[in-house]
Amino acid sequence: MDADVDDELQFHLDMRARDYEARGLPSPDAREAAAERFGDVQGIGGALRAHDRRRERERQRKEYMSDLTNDLRYGLRAFGRAPAFTTVALLTIALGIGATTAIFSVVNGVILRPLPYAEPDRIVQVWMDNRRMGLKEDLHSWPNWADLREQNQVFSSMAAYAPGGFNITAGCRETECEPRRVAAAYATADLFEVLRIAPAMGRAFTPQETEPGRDGVVVISQGLWTDFFGADRNIIGRTVRLNGRERTVIGVMPPAVAFPSRDTDVWVPLAFSQEEKQFRSSFGLWAVARLKPGVEFSRAVTDLTTIGRRLEQQYAENRDLGVYLVPLPEQVVGRTVRTSLWVMLAAVGAVLLIACANVANLMLSRAAVREREISVRVALGAARTRLIRQLLTESVLLAVIGAALGVGLAWVGLRVLTGLAPADIPRLDQVRIDLRVLGVALGLAVVTGIAFGLAPALQSSRAAVGNALREGIRGGTSGRRAQRLRRTLVAAQIALVVVLLTGAGLLVRSFVRLQRVDLGFRPDNLLTMRLSLPGAKYGTPESRMGFFDALLDRTRQLPGVQGAAFIEDIFLTATPTSTNFAIDGREMTEEERGIEVPLDAVSSDYFRVMGIPLREGRTFTAADNRTAPPVVIVNENMARRFWPNERAVGKRFKYGSADSQAPFMTIVGVVADMRRTGFDAPVRYETFRPHTQRTVGSLTLVVRAAGDPLRLVPSIRAQLKSIDPDQPVFEVASMDQLLGSMVAQRRFSMALLGTFAALALVLGIIGVYGVTAYLVAQRTREVGVRLALGARPAQVVGMVVRQGMFVAGAGLAVGLAAAAAAGRLMTGLLYGVSPHDAWTLAAVTVVIGVATLAANWLPALRAAHVDPLTALRSE
Amino acid sequence: MRNETGDLLQGTLAILILKALLGGTAHGYGIARWVETTTDDVLRIEEGSLYPALRRLEDNGWVTSEWGLSENNRRARFYTITRAGRTHLRAEASVWFRYAGAVTQVLRSAPSIA
């Protein structure tokens, strides 16, 4: 092209020079004059070349666009001519892309979308690494936190906080409202700096307000402001009553702030007294910090670890206590949720691949039908690349339409999904179909369109070129190469199905194992609810005991109640209030001195109501009162560990270390172990005190009902109201609900993966069936010949099935190997089942065997029963 | 098409080229020579601007080009006027006549300089 410009200009110059020569100028002068007359040869040449290039680009673009519109129009017409194929293909793609899009939006919302704070990945959760108890995420004491805050070089701010709960009573306007329980956080003023959030209205609290006496202020959440205070514009400065204490509202948080937990509604100053700030062995504080600009997370780890080690040497209380840092985003969405979401995404990706393989096979079958049409195009001069492009355009078009349907499916699916999802999957409210999700769906469409379209396009264009040359000769799509392609696709599909089935099977096995765990008590017909008495109103042990005794008495009188009792916390959190202890008359080992037991008060018939068997001794009686000698009941696990070959009953120990002032308590009974930290956590060492000797303000009421426990709730609330109308109850739930929520995440993962595996199995079997049916149909003539030559139908069936099962077997083998590798990624989601669980693998093998056998058998049977004459006459 | 007199020269060049091509297909040098001889060398085409002008005419669809052999058997690019080019030339020519006529009329009016 560029050379053309040179040629044209050179021609002009030469011609002009020739004319000059003809007029008598000598040759060199003639050339010079010609050039002079022309002017800037180089410049004009350059401009022309640029012009030509621009023109060429424009031409190519136009040609491309017109080809594209032609291809699209042609494709749409082709789809219209094959409605059955189009419908099946679209549905398959929509299912695959829809499921993938739905799961990706969950991953996007829960993991990828940043937390609603400025530079959230610069925020770090600071834990105390408790090597004594093997707890990596333990809490700080005030002095410990203060030292870390003082001495570190890496944080721009560091805050301490502790979650809590308040009974909020005053505050509603006009209408009198129910007393309500709200989740709260006590925090130092640094919290707002660390999170970099400013209240939407009013202000945050100042460091001065974290001093006792000056801390009568509260910041409330947007949610509480709207639905408890009716979005009162004059909220700032109003007084509310929290646990009986008056506080002034100074600020309202912006929406979406969910710290420390999603339901936190009030933030109050953490106001420790000077005395409390000295307790180095009272651990109850959480800590978060923000990295200084430019400081790497790893440097913070090094710095804090060094400080931790120094503190360990400095203070006896800090022995075996280190520092452990976790970036906040990782902390908020824990490892288990992350793992299960990635597993789900992988699973749904496998479903998509299976769907792709199905569509690819459909396209191959269709290509055979379209062979003539394509041959005609080749004969009319279409180049092979042009043909491939047209076929690919068609498949991408198909995929994009399918993806649009899929996004619709995903939208519906997400509603169902978030409705069914357990409440403890964090940030589920962030899940929606946003631009990023749509982008991924579109990307998936293009990639899948090429994925399922490329092989068939290459195949049929090759075939077509061949056919155009040798018309009438059968070859190509139905030929050997195409058959191999189909069989490979089928084997790959089966392999993927095997992986998914294995994953789902392992989760089901884990879940069944979990359900069979002996909880150590009778969970049926139990009702639980939490109460927390405000210290301002119930300051003395007597007043608290009076309240609880009255509540128990009245509850027991209610019809349908078989028993009522209470315990401080029916289920233990990962870090319950706990203490070490010293056994009377025994030198305890270093390791034993580090062991802590949770502090627990129970009412006298707690064990009977819960159905926890007594192994030894007795339970508490009315005689174990405030003035009687201190008594304690331990669980079997503890008795076995500390008094292995003797009776624990009658032995004495006290809380704290050997030199503590706490009184020795006599063990009066040993009860069976109960799973109190969840199904899958080991049983701890536990001690129980009579509530008469350890009176607490917060506890769980447990009621054994004759029938449905939830039906007792209104009458128990009524009793409560008659004792104290300002006292709310919260976390009202049946034991079934509590246990259900403990396994909700597992149940959800299992249901989801199960659904995908089922979907994969159905798609995979359709794939196997479709391919066998097609291949058999291609061989109708051959079968006819065999039958005519005297083959028995059973032999024909055997031949077809044998070939199909060979493919299935190859897929199964590859799938089992892949499943073994994939299983290792799932280890964190399993309970009591090895990722290579033989039963699961055997079950999957049987399912795949039976399903593929059926999918091969049916087409084979049909083939064997063709009439040989018809078969021979076909084609 | 042409609304400013600043375009006059370029427009004039287009008219000359199109007119040259009315006589039949020609290469760039041929066009230049035809203009020279027809106007007795009064209107000398600026040769440098001839080729860019031809590209523009081609972009507008008024001429087409094709490679061929010249009278002395050399590879040369030949230009042909299109139907649209003829229409355009007609329109331009009438504008030109009116313009030239008007100027002539002004110059001939009394007091005459001639």
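**Reading the terms**

Modeller: In chain B, helix α3(B) is followed by B:Gly61, whose phi is positive, near 80 degrees. This is a predicted model, in which local features need pLDDT of at least 70, side-chain atom pairs need 80 or more, and totals for chains, interfaces and linings use all residues. Residues are numbered from 1 along each chain as its sequence is written, while chains are lettered from A and ligands numbered from 1 in the order of writing.

Biologist: What makes a stretch a helix or a strand, and how many of each are there in chain B?

Modeller: Helices are DSSP runs of H or I with at least four residues, strands are runs of E with at least two, and both are numbered from the N terminus. Chain B has four helices and three strands, in the order α-β-α-α-β-β-α along the sequence.

Biologist: Which residues of α3(B) are called buried, and why are they said to line one face?

Modeller: A residue is buried if 20 or more other C-beta atoms lie within 10 Å of its own, exposed if 12 or fewer, and partly exposed in between, with C-beta atoms placed from the backbone. The buried residues of α3(B) are B:Glu47, B:Leu50, B:Tyr51, B:Ala53, B:Leu54 and B:Leu57. The arc is taken over the directions from the helix axis to the C-beta atoms. The buried residues of α3(B) fall within an arc of 165 degrees, so they line one face of the helix. Over chain B, 25% of the 114 residues count as buried.

Biologist: What does α2(B) meet in α3(B)?

Modeller: Two residues are in contact if their C-beta atoms, placed from the backbone, lie within 7 Å. By that test B:Gly28, B:Ile31 and B:Ala32 of α2(B) meet B:Glu47, B:Leu50, B:Tyr51 and B:Leu54 of α3(B). These divide into five nonpolar, one polar and one charged. Nonpolar covers Ala, Val, Leu, Ile, Met, Phe, Trp, Tyr, Cys and Pro; charged covers Asp, Glu, Lys and Arg; the others, Gly among them, are polar.

Biologist: Why are α2(B) and α3(B) called oblique?

Modeller: Axes are lines fitted to C-alpha atoms, for helices over the stretch in contact, and angles run from 0 to 180 degrees between N-to-C directions. Angles under 35 degrees are roughly parallel, over 145 roughly antiparallel, 65 to 115 roughly perpendicular, and the rest oblique. The angle here is about 120 degrees, with the axes 11 Å apart. The pair is therefore oblique.

Biologist: Which residues of chain A are joined by a cis peptide bond?

Modeller: A:Phe259 and A:Pro260, with omega about -5 degrees. A:Pro260 is in the loop between β8 (245–252) and β9 (264–269).

Biologist: How many residues of chain B are in contact with chain A?

Modeller: Eleven residues of chain B are in contact with 14 of chain A. On the side of chain B that touches chain A, α2 (28–38), α3 (47–59) and β3 (75–81) each supply at least two residues. Helix α3(B) gives the most, with five. This side has four nonpolar, two polar and five charged residues.
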